[in-house]
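I open this notebook to record what I looked up and what I found. The entries follow the order in which I went through the model.

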Amino acid sequence: MKRSAATIALTALAPVSWGTTYAVTTEFLPPDRPLFTALTRALPAGLLLLAVTRVLPKGAWWWKAPVLGALNIGAFFPLLFVSAYRLPGGMAAAVGSVQPLFVVGLSALLLSRRPAARTLVTGAVAALGVSLVVLQGTGALDATGVLAAVASTASMAAGTVLTKRWGRPDGVGPLTLTGWQLTAGGLLIAPVAFLAEGAPPALDARAVGGYVYLALANTAVAYWLWFRGIGRLRATQVSFLGPLSPLTAAVVGWAALGQSLTPVQVAGMALAFGATLAGQLGGGAGRRGSGRSFRFPERNRRKASVDLEGHSLRR
């Protein structure tokens, strides 16, 4: 139980770190360069991890790694930034908070997990709580922004579930898999970024510091903790940690940027945080598809040789 709690706490550091992205972007980075920012978050971190681990994919992993890299990084990052730039008042974060519900549905299809009523209710409460925190002001919603927000949420949810289903190959650790996916995702973003935004902008020391933070702490370390958590926890447990990201963004905005929090927002934070805690109960990290089952496709190949070999990576 203590090991499970420690795993949850370490995994939670990833969305907490991602919650600082908005403040770093607005205070340190050049404006209006979302794709370049996505690229600098992914590719340098991925190449660094490849240099550290010195392990390349083998066999089927040459296509599995790009698939997960596309879902978790290459598609998710640009879609997330597009939605953030086109939607008002945190609507992108509100849409993203329904990710646990996407994960529940995909887990039923791909992991044969029947959703419990409590899980569905908890996911709805988490989405409501985040909505109360981030939905400020009114205005017409941009259809492209809404579609991008939904697509980014679905992409991340699919990456989480496929990571859980595919597991990892023998002898390959979480750090290596993180490097594969960040590199694949970054290579996918690169041509789009240069075609859409042109040459990289001029950077001062402040911007360089911001990009270094995003690439190392906010991406390399955070995604390693996130992918590690997916391997040891249930997919729904991991997804219920997601609301910590917009909650952290709200707290950072209040504490560091002088943004105010209304009583309704505080109530929403309490709801979302309570739902996050509730999402960790009732299974821990040990049963059916969590904990040690991370290497499921490799260790149980005799039982599951029918199809699992074609489905075996991690987020």
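In which loop is Leu 203 found? I looked it up and found Leu 203 in the loop between helix H10 (174-197) and H11. I note at the start that this is a predicted model.

I checked the accessibility of Leu 203 and got a relative accessible area of 39%. Leu 203 is therefore partly exposed, since that class covers values between 20% and 50%. I then looked for nonpolar neighbours on the surface. Leu 203 belongs to a nonpolar surface patch, together with Leu 48, Val 52, Leu 175, Val 208, Val 212 and Leu 216. Together these residues have about 530 Å² of accessible area. I asked which elements give two or more residues to the patch, and they are helix H3 (34-53) and helix H11 (205-232). H11 gives the most, with three residues.

**Entry: H10 against H11**

I looked up how the two helices on either side of the Leu 203 loop are set against each other. The axes of H10 and H11 come within 9 Å and cross at roughly 120°. H10 is therefore oblique to H11, because roughly perpendicular ends at 115 degrees and roughly antiparallel begins over 145. I also noted the hand: H10 passes H11 in a right-handed crossing.

**Entry: the salt bridge**

How many salt bridges does the structure hold? I found one. Glu 197 forms a salt bridge with Arg 33, and the closest N and O atoms are 3.4 Å apart. The pair links distant parts of the chain, with Glu 197 in helix H10 and Arg 33 in the loop between H2 and H3, 164 residues apart. Is Arg 33 buried or exposed? Arg 33 has a relative accessibility of 13%, so I list Arg 33 as buried, the cut-off being under 20%.

**Entry: positive phi**

I went through the backbone angles for positive phi values. I kept in mind that most residues other than glycine have a negative phi. Asp 32 has a phi near 60°, a positive value in a residue other than glycine. I place Asp 32 in the loop between helix H2 (21-28) and H3. The relative accessibility of Asp 32 is 55%, so Asp 32 counts as exposed. Arg 54, again a residue other than glycine, has a positive phi near 55°. Arg 54 lies in the loop between H3 and helix H4 (61-74). With a relative accessible area of 73%, Arg 54 is exposed.

**Entry: two pairs set apart in sequence**

Val 67 lies in helix H4 and is partly exposed, with a relative accessible area of 31%. Val 67 and Gln 181 are 114 residues apart in sequence, and their C-alpha atoms are 8.4 Å apart in space. Val 146 is in helix H9 (residues 143-166). I list Val 146 as partly exposed, because its relative accessibility is 27%.

Terms used: Residues numbered from 1 in each chain as written. Predicted model: local features only at pLDDT ≥ 70, side-chain atom pairs only at ≥ 80, totals over all residues. Heavy atoms only, no water. Patch = residues over 30% accessible without salt bridge, like charges linked within 9 Å, V, L, I, M, F, W, Y side chains within 5 Å. Areas by Shrake-Rupley, 256 points an atom, 1.4 Å probe, with all protein chains shown as cover. Salt bridge = Lys/Arg side-chain N within 4 Å of Asp/Glu carboxyl O. Helix = DSSP H or I, 4+ residues; strand = E, 2+ residues; numbered from the N terminus. Buried < 20%, exposed > 50% of the residue type's maximum accessible area, 1.4 Å probe, protein only. Axes fitted to C-alpha atoms, helices over the stretch in contact; angles between N-to-C directions. Parallel < 35°, antiparallel > 145°, perpendicular 65-115°, else oblique. Left-handed = near helix turned anticlockwise from the far one by under 90°.
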